[in-house]
Amino acid sequence: MDAVVSERPAAGHDAAAGFDAFVAARGDALWRSAWLLTCDHQLAEDLVQTALAKSWRAWTRVGPEGFEPYVRRVLFTTYAAWWRRKWRGERPTGELPEQAGGQPDSDTRRDLVAALATLPRGQRAVVVLRYFEDLTEAETADVLGVTVGTVKSQTSRALAALRTSPRLREENDDD
Amino acid sequence: MTDEQWLREGLADAVPEAPNAPERAGAARNRAARSRRRATAATLAGAAAVAVVVAGTALAFQRNPDSPAAGPAKATDTRSTYDAPPCPPAPRPVPGQQDPLDQPRPGQPDAVPEDATSVRLCQGEGTSFDVPSDALVNSVSTIVDEINGLRKSDPPEVCPEDYGPGYRLSFGYADGSTFVVSGRLYGCRELVVGSGYRSDATVAWQAFVKVLRGQRETSTPLAGSGTVDDLSCASTVASPVAVTADITQAVYCRGEDVGVPIPSDQLQVLVADMAENTGSSSSSGSSGVLHVCANRSKIVAVTSWGDRMILQGACHGFMIEGDQTWTPGPGAQQVLDALSAPGR
């Protein structure tokens, strides 16, 4: 008996054009979330392209309206999978691999990102979704495939950790 | 300024400008194509390997293909992708005796230990279901939190005399140890967690199903899992995690014995229609009136993950695991009519 592939990439030019337009419009926003998760330009680009490659097959099934939440979910779950499988060889560090340079008050921002980088991955993902992507608790739970209760507890722990982060405390002490 | 406002503004300011990447979409599509070519090659190689395993196993063992332990046809024994400890042996029904794994174990904690790295859904004491081949390795802490957040309860005393599936969740740890939680989706629906009881088992079951489905959206099934040689109308077990969008092979059944393999092009029509016309059974228009239907047809299917599905014919369409009803649209109905025509 022949097998059926349930998710099939659209073969037509329309699908490719629609996908390309989506990436042109929203790719940078996805990259910025990916950068906050990875703190690295190249890893962020790799994460975005991996998420887009995984999602492309679902373009016709999901449709343009629902595609961004779909890609976002794939991006965050791929990020979690990278950590779990330790493919990327990333290790905890006290120093940021990169910083957002060229802007005023860059020390403060660098310290915030450094503090963010010390959070456990689940908490970091919740912080990015809640406070960078501005998703609700329910939307965050849906993206991560967890319960709202988990989002609440992760958020609470993350905020507590950031409040007591040595990097941010030093900054406050300096004020 | 609150912590949350400060964090919002800080993050927005901290993120650098995205690099100019005009080829991002094309690169992603090329990456998807390469991945697909690799998967196709692996499928061909895997299908050959599975055929050899199935043939060899069929000679060596005479197992019931519906049994959750009858793994080789699903290629479960070769699924090492997730590197999780296997399920404990399914309980053997002995009148008046209960498997120790399904009873409280004094001396153990009454909560699931933290830091689990995997969790598998396994057969417990109750009716059989099709055990998923893959383990959960992402968001395992969600399941741990969900169970440890359940209310502790006394030993069950007076329970409804219904019957349903029993399950186990086997948590794996980095040191190779396991911790098994046992739940019943019948009776008092209690969950045995180490030395104590919690209520209720349905919550943990539903959480596992939801999170495993989420993990599958970004994972790849083992090559060859979506094609089996023993798809039978006599099949009685179904997977709790399978979804119709993943169906890769199916037979249309008139009664228990007569099965018509559904050609791939027609199956595509049906699967697409299921995506469009499936909804909650409670909203499928039964109006609370008990209808007696003569619809004995059903569809027995397997998914790309090797899960078995049974879509049971009902008054308004086909009932799907998880309180869902598929009401075929005109195009799908045409396919079903052709499949059910005498002489097929």
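Mentor: In this predicted model, helix H3 (residues 140-148) of chain B and helix H4 (residues 201-216) of chain B pack with their axes 10 Å apart, at an angle of about 165 degrees. Angles over 145 degrees count as roughly antiparallel. H3(B) and H4(B) are therefore roughly antiparallel to each other.

Trainee: Is the crossing of H3(B) and H4(B) left-handed or right-handed?

Mentor: The helices in question are H3(B) and H4(B), whose axes lie 10 Å apart. The crossing of the two is right-handed.

Trainee: Which residues of H4(B) make the contact with H3(B)?

Mentor: H3(B) contributes Thr142(B), Ile143(B), Glu146(B) and Ile147(B). By class, the contact of H3(B) with H4(B) has seven nonpolar, one polar and one charged residues. On the side of H4(B), the residues are Val203(B), Ala204(B), Ala207(B), Phe208(B) and Val211(B).

Trainee: In what order do the strands of the six-stranded sheet of chain B lie?

Mentor: This sheet is open and its pairing is antiparallel. Its edge strands, each pairing on one side only, are strand S1 (118-123) and strand S2 (151-153) of chain B. Neighbouring strands in the sheet are turned by 30 degrees against each other on average, direction ignored. The order is S1-S3-S4-S5-S6-S2.

Trainee: At about what angle does H4(B) run to S4(B)?

Mentor: H3(B) packs on the six-stranded sheet, where it touches S1, S3, strand S4 (178-184), strand S5 (190-193) and strand S6 (196-199) of chain B. The direction of H3(B) makes about 65 degrees with that of S1(B). H4(B) lies across S1, S3, S4 and S5 of chain B. Its angle to S4(B) is about 115 degrees.

Trainee: Which are the edge strands of the seven-stranded sheet?

Mentor: Seven strands of chain B form this open sheet, in the order S8-S7-S10-S11-S12-S13-S9, with antiparallel pairing. Neighbouring strands here are turned by 30 degrees against each other on average, direction ignored. An edge strand of this sheet pairs on one side only, and the two are strand S8 (258-261) and strand S9 (278-280) of chain B.

Trainee: Which residue of S8(B) stands opposite Cys253(B)?

Mentor: S7(B) and S8(B) run antiparallel and are joined by four bridges. The residue in S8(B) opposite Cys253(B) is Gly259(B).

Trainee: Is Val302(B) buried or exposed, and why?

Mentor: Val302(B) is found in strand S10 (residues 297-303) of chain B. A residue is buried if 20 or more other C-beta atoms lie within 10 Å of its own. Because Val302(B) has 28 C-beta neighbours inside 10 Å, it counts as buried.

Trainee: What separates the C-alpha atoms of Val302(B) and Gly226(B)?

Mentor: Leaving aside neighbours within four places in sequence, Val302(B) is in contact with Gly226(B), Val228(B), Leu231(B), Thr248(B), Gln249(B), Asp307(B) and Arg308(B). Gly226(B) and Val302(B) are 76 residues apart along the chain. The separation of their C-alpha atoms is 6.3 Å.

Trainee: How are H5(B) and H6(B) oriented to each other, and why?

Mentor: H5(B) and helix H6 (residues 330-340) of chain B have axes 9 Å apart and pack at an angle of about 140 degrees. H5(B) passes H6(B) in a left-handed crossing. The contact is made by Gln266(B), Val269(B), Leu270(B) and Asp273(B) of H5(B) with Gly331(B), Ala332(B) and Val335(B) of H6(B). Given the angle of about 140 degrees, the two helices are therefore oblique.

Trainee: Which element gives the most to the side of chain B that touches chain A?

Mentor: The contact takes 48 residues from chain B and 45 residues from chain A. Helix H1 (3-14), helix H2 (24-60), H3, H4, strand S7 (247-254) and helix H5 (264-276) of chain B each supply at least two residues of that side of chain B. By class, the side has 21 nonpolar, 15 polar and 12 charged residues. With nine residues, the element that gives the most is H1(B).

Methods
Residues are numbered from 1 along each chain as its sequence is written. Chains are lettered from A and ligands numbered from 1 in the order in which they are written. This is a predicted model: local features need pLDDT of at least 70, side-chain atom pairs count only at pLDDT 80 or more; totals for chains, interfaces and linings use all residues. Axes are lines fitted to C-alpha atoms, for helices over the stretch in contact, and angles run from 0 to 180 degrees between N-to-C directions. Angles under 35 degrees count as roughly parallel, over 145 as roughly antiparallel, 65 to 115 as roughly perpendicular and the rest as oblique. A crossing is left-handed if the near helix is turned anticlockwise from the far one by less than a right angle, and right-handed if clockwise. Two residues are in contact if their C-beta atoms, placed from the backbone, lie within 7 Å. Ala, Val, Leu, Ile, Met, Phe, Trp, Tyr, Cys and Pro count as nonpolar, Asp, Glu, Lys and Arg as charged, and the others, Gly among them, as polar. Two strands pair if DSSP finds at least two bridges between them. A residue is buried if 20 or more other C-beta atoms lie within 10 Å of its own, exposed if 12 or fewer, and partly exposed in between; C-beta atoms are placed from the backbone.
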